[in-house]
Amino acid sequence: MVPLSRWGRVLLLTLPVALASTTTSSAQTPRRGAGQEPIPSFEDKIANLRKIDGYIPLYWDDQAGRLWMQVPKLDTELLYSTTLGAGLGSNDIGLDRGMILGSRIVEFERVGPKVLMVQPNYRYRATSDNPAEVRAVKDAFARSVLWGFTVGAATGERVLVDATDFFVRDTNDLAQRLRPGSYRFDATRSTIYTDALMGFPKNTEIEAELTFVRQSGGPTGGPAGVGGGGRGGSPNFDGVGDVAATAEAATLRVHHSFMELPDGNFEPRRYDPRSGFGAVSYEDRAVPLGDDLTQRFIRRFRLEKKDPSARISDPVKPIIYYLDPGVPEPIRSALLDGARWWNQAFEAAGYRNAFRVEILPDGVSPLDIRYNVINWVHRSTRGWSTGASVTDPRTGEIIRGVVELDSMRIRQDYLIAEGLLTPYKTGAETPPELREWALARIRQLAAHETGHTLGLGHNYYDSDAGRISVMDYPQPLVTLKADGTLDYSKVYDTAIGAWDKVAITYGYQDFPNGTDEPGALKKILDDAWARDLRYMTNQDMDANPRVDQWANGTDPAAELRRMMDIRRASLKRFGEAAIRQGEPMALLEDVFVPLYLYHRYSVDAAASAIGGMHYIYALRGDGRDPVTPVPAAEQRAALDALLATLKPSELALPKVVLDALPPRPGGYRRTRELFPRYTGLMFDAVSPAVVAADLTVSQLLEPARA
């Protein structure tokens, strides 16, 4: 769900002026002056080294602890990507096992005794048949020399370099992520992780174990600016000291992948802001006058029909995802079910068996760049799940998808259900509805994050057609029955959404030869518009009342009032039946917090109507109204619903809570999930109301809203 940044330090190596002004090939033969030792032969150097064959052959010197790399074919572009092989386990800091740290295109150039690893500049291009025009743009914008290797051995075109220092370094500035100024990379405690050296015909995998040590006087907690909690004790923020074996040192593993780039047969598809896809973009300085310099294409996998003329066809090659075998049952089956929903969307786009999800086979590394994976990530506290991808920046082709699912998410949904249902009548039972509720949520989560890796963004549009996309953040759909109990039979979706089918058809339809593709793509979106299937995303939530997250319905004021009714009824019956028999009564607070703040996202949604506008991603000529201010009556209804949340009767805590909550016993630390307190060990009866009131007041007094 979070966008990738550019990672790694860039080392700019400046060639001598005399050399830079020549036209000599970059594959020059090194010259040896008097007294210099000759470069050893390739064969002599590798004679006693262990070879890891593959796309880029590697040679391991066990005695010296050095990794030698055979330089790939010179002046040939390849894909270089880094991921985390072993993470930190902190939600505050991030750095999770399997997360993508960055990717880029690189090539190797030999200049005398040096081999340079270079990143070409694909942000500015000239797609022209005129070589001089192409070179004029290429030379106008700086490329980046990422590393300089010294030739260690060579025979003809076979060149060997010591790559140890390249891999055993803080390539991605992880020390800054741990906490700026608090940890530094320690090369003396870092090495190549030999268990993860792997070679394959089209990719090579390398891993390094890196240790970061606490600097003298450095703090051990979470990121700067995190703190609070009042006199009752600080919450347990998961900084380095909370998750590593010791705050003195944290050891992570960074995985490096080199991969052959795809062939040139992929057909980029033009980006449309209404399509739901993310985009790759670059400036093309060769476009005709009047055309947009910025060229945009959607991010998508390469998927082709065996028979493009057929309405339904098998794919030439299916898209396959592999689930982490470390996921326990019944969560494993739920994740498989949810991720597989996407096959319904590909079927709607005219494919048969184009999308599969399987368990990762034994012996296959989840870090191997050839595999799309769904990882089960453990942290000390709950946090975001993510879906990211490695993309060819030249075309937008997705090379690899990586889903990171937070293992604590399902437990939070279980907790929400406990607060709403207060289900433990005897305290000894295990209510099956809690399990089914939580598993239903995890199915949708698997579908949601997998959708990101297919190229799709969040869709938060509130449609008259109901729930239309798994790319929304879904509020559990609970309704209040006449007897005061709750109906949760449709708490979460059970299949892919109608919008998701539209988006996949737009992005992945393989049109027959001769098709007017721009016209066909426009028709897909026009037909969806007629069914009120639209795409609007994160940026629109604060201004458009038809765009929100964790909320249901199309009328945010009415939905807020409905949520307050559910909250009121649930608080009325809240009590010790919300926890199991034998648990400390103080744990009632853990269940009480999400129930008391059950309405918080509906507050955000209703506030977006005040000073807001109804708008669309309009294009000239589409015949639709781009902007309509929110009518006064709608704004007043939202304001009334918001002010109602501030009534003393809504802010007051149930007497059963005040009577039943003792201080937390030893061994049960306060966490970030609890209300702040200013009353020492005792439960603070005022701060929950302060928190709830601030949700509304801060939205109403947001300066931009005026």
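Modeller: Start with helix axes. Axes are lines fitted to C-alpha atoms, for helices over the stretch in contact, and angles run from 0 to 180 degrees between N-to-C directions. Helices (H or I, at least four residues) and strands (E, at least two) are DSSP runs, numbered from the N terminus. This is a predicted model, where local features need pLDDT of at least 70, side-chain atom pairs count only at pLDDT 80 or more, and totals for chains, interfaces and linings use all residues. Residues are numbered from 1 along each chain as its sequence is written, and side-chain values use heavy atoms, with hydrogens and water left out.

Biologist: At what angle do the axes of α13 and α16 cross?

Modeller: Roughly 20°. Helix α13 covers residues 556–573 and helix α16 residues 632–644, and their axes come within 8 Å. Angles under 35 degrees count as roughly parallel, over 145 as roughly antiparallel, 65 to 115 as roughly perpendicular and the rest as oblique. So α13 is roughly parallel to α16.

Biologist: Is the crossing of α13 and α16 left-handed or right-handed?

Modeller: A crossing is left-handed if the near helix is turned anticlockwise from the far one by less than a right angle, and right-handed if clockwise. For α13 and α16 the crossing is left-handed.

Biologist: Which residues of α13 and α16 meet?

Modeller: Contact means heavy atoms within 4.5 Å. From α13 come Ala 557, Leu 560 and Arg 561; from α16 come Ala 637, Ala 638, Ala 641 and Leu 642. Six residues of this contact are nonpolar, none polar and one charged. Here Ala, Val, Leu, Ile, Met, Phe, Trp, Tyr, Cys and Pro count as nonpolar, Asp, Glu, Lys and Arg as charged, and the others, Gly among them, as polar.

Biologist: How many degrees separate α9 and α14?

Modeller: About 85°. Helix α9 (residues 409–421) and helix α14 (residues 588–596) have axes 8 Å apart. That angle makes α9 roughly perpendicular to α14. Contact residues include Gln 412 and Leu 415 of α9, and Pro 594 and Leu 595 of α14. The whole contact divides into six nonpolar, two polar and two charged residues.

Biologist: Is Gln 412 buried or exposed?

Modeller: Buried means under 20% relative accessible area, exposed over 50%, partly exposed in between (1.4 Å probe, protein chains only). Gln 412 has 10% relative accessibility, so this residue counts as buried. Leaving out residues up to four places away in sequence, Gln 412 touches Arg 382 and Pro 594.

Biologist: How many salt bridges does the structure hold?

Modeller: First the idea. Side chains of opposite charge can pair when their charged atoms come close. A salt bridge is a side-chain nitrogen of Lys or Arg within 4 Å of a carboxyl oxygen of Asp or Glu. The structure holds 42. One of them joins Arg 253 and Glu 207, at 2.5 Å from N to O. Arg 253 sits in strand β13 (residues 249–260) and Glu 207 in strand β12 (residues 203–214), 46 residues apart. Both residues of this pair, Arg 253 and Glu 207, are buried.

Biologist: Where do Asp 263 and Arg 302 lie?

Modeller: In loops. Asp 263 is between β13 and β14 (279–284), and Arg 302 between β15 (294–298) and β16 (319–323), so the pair ties together parts 39 residues apart in sequence. Their salt bridge spans 2.8 Å, N to O. Asp 263 is partly exposed at 42% relative accessible area, and Arg 302 is partly exposed at 24%.
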